[in-house]
Amino acid sequence: MNDPSSSAWAELNALSRAEVSQATGMLVAQLNLDPVEALSRLRAHAYATGRSATDVARDILERRLRLDAD
Amino acid sequence: MVNDTPRETRVLSAVVSLVDRLLDDFDVVDLLTDLTERCADLLDVASAGFLLADPLQRLHLLAATSEQTREVELFQLQAEEGPCVECYRTGQPVLVADMRTEIERWPQFAPTALEAGFAAVHAVPMRAAGAVLGALGLFDTRPKELAEADRLVGQTLAHIACVAVLQEHPPTPDTVLPPLRAALASRVQVEQAKGFLSEMLGVSVAEAFGLMRSYSRTQGEHLTAVARRLMTDRHARPQLVRAMADLVRDGR
């Protein structure tokens with residue numbers, strides 16, 4: 001973690017957008033998941049629909065999108 | 001000292017340069033000696049010194065503007081009685097505009113200070129973690145009140161001295177990264193908790209943040225700790241959500 005070029009930092013950067021974190025928190029409440037699981041659901045949905053995690057997060061926050069429980 | 005720069009600018013420039021040094025490699029005695037010189041200059045007093053308590057609550061001189069024997073002796077005498085030790089024991093500033101009126105209060109210290117040519121002696125506390133660590137002593141040759149603005153400047157410099165003393169190791173490139181990452185990670189948890197609460201309570205994300213901050217203030221629990229508990233502690237969640245739902249109800 002002390003290496004600024006490590007992928008952990010790049011990952012943190014991409015996912016530390018406030019919208020992504022807030023939407024993750026909403027998924028935790030909606031689907032009764034751990035934050036880690038909720039974030040991977042969000043990312044999986046983004047990947048499957050070819051959109052960015054930030055776009056998906058905005059839809060969740062605006063309540064235009066609801067992910068289903070497994 | 002002749003100085004045309006407005007005092008506000010001199011005070012701010014001293015604070016900026018001192019805090020700047022705290023963010024790099026610094027030596028505590030060297031920095032505190034500089035601080036005493038800044039004090040003497042900014043507060044227009046003749047001499048200043050930091051006294052720090054040991055675990056047995058005895059005060060020791062850590063740094064002073066002058067190495068002159070009479071002043072060092074005065075500071076050492078302060079360990080027994082006088083404004084600094086009183087300030088240390090009470091945690092309150094002790095401001096003495098005219099030492100001539102205080103002979104009975106400090107039968108040893110007052111005559112010695114007057115003999116050494118100091119008519120006014122003030123002390124402001126160094127505090128941290130709810131405890132008093134020591135005091136900053138200010139000595140002046142003329143009888144003079146310490147104005148409120150001067151007391152605040154002195155207190156600011158005393159706070160900086162506390163941070164310098166308590167910062168065990170000056171930051172290095174290796175040591176800044178973990179706390180930086182922790183700060184960023186805490187922020188992620190705070191954002192998650194905002195989204196979580198917004199969904200649970202049917203409030204906006206901004207309102208959820210306000211609720212979390214009110215809750216953390218009234219409970220005396222750090223905001224990031226509240227967010228972490230909300231996001232990682234399933235057992236704590238229901239009670240936390242209920243407490244914040246109560247805040248929503250009380251606020252409406």
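A salt bridge is a side-chain nitrogen of Lys or Arg within 4 Å of a carboxyl oxygen of Asp or Glu. By this rule, three salt bridges cross the interface of chain A and chain B. In one of them, the side chain of Arg63(A) meets that of Glu199(B) at 2.8 Å, N to O. The elements giving two or more residues to the side of chain A that touches chain B are α1 (7–15) and α2 (18–31) of chain A; helices are DSSP runs of H or I, at least four residues, numbered from the N terminus. The largest share of that side, nine residues, comes from α2(A). Its residues divide into eleven nonpolar, eight polar and three charged. Here Ala, Val, Leu, Ile, Met, Phe, Trp, Tyr, Cys and Pro count as nonpolar, Asp, Glu, Lys and Arg as charged, and the others, Gly among them, as polar.

The model is predicted: local features need pLDDT of at least 70, and side-chain atom pairs count only at pLDDT 80 or more, while totals for chains, interfaces and linings use all residues. Residues are numbered from 1 along each chain as its sequence is written, chains are lettered from A in the order in which they are written, and side-chain values use heavy atoms, without hydrogens and water.

In total, 22 residues of chain A are in contact with 19 residues of chain B (heavy atoms within 4.5 Å). The two chains bury about 1,800 Å² between them, 59% of it on carbon and sulfur atoms. Buried area is the accessible area (1.4 Å probe) lost when two parts are put together, summed over both.
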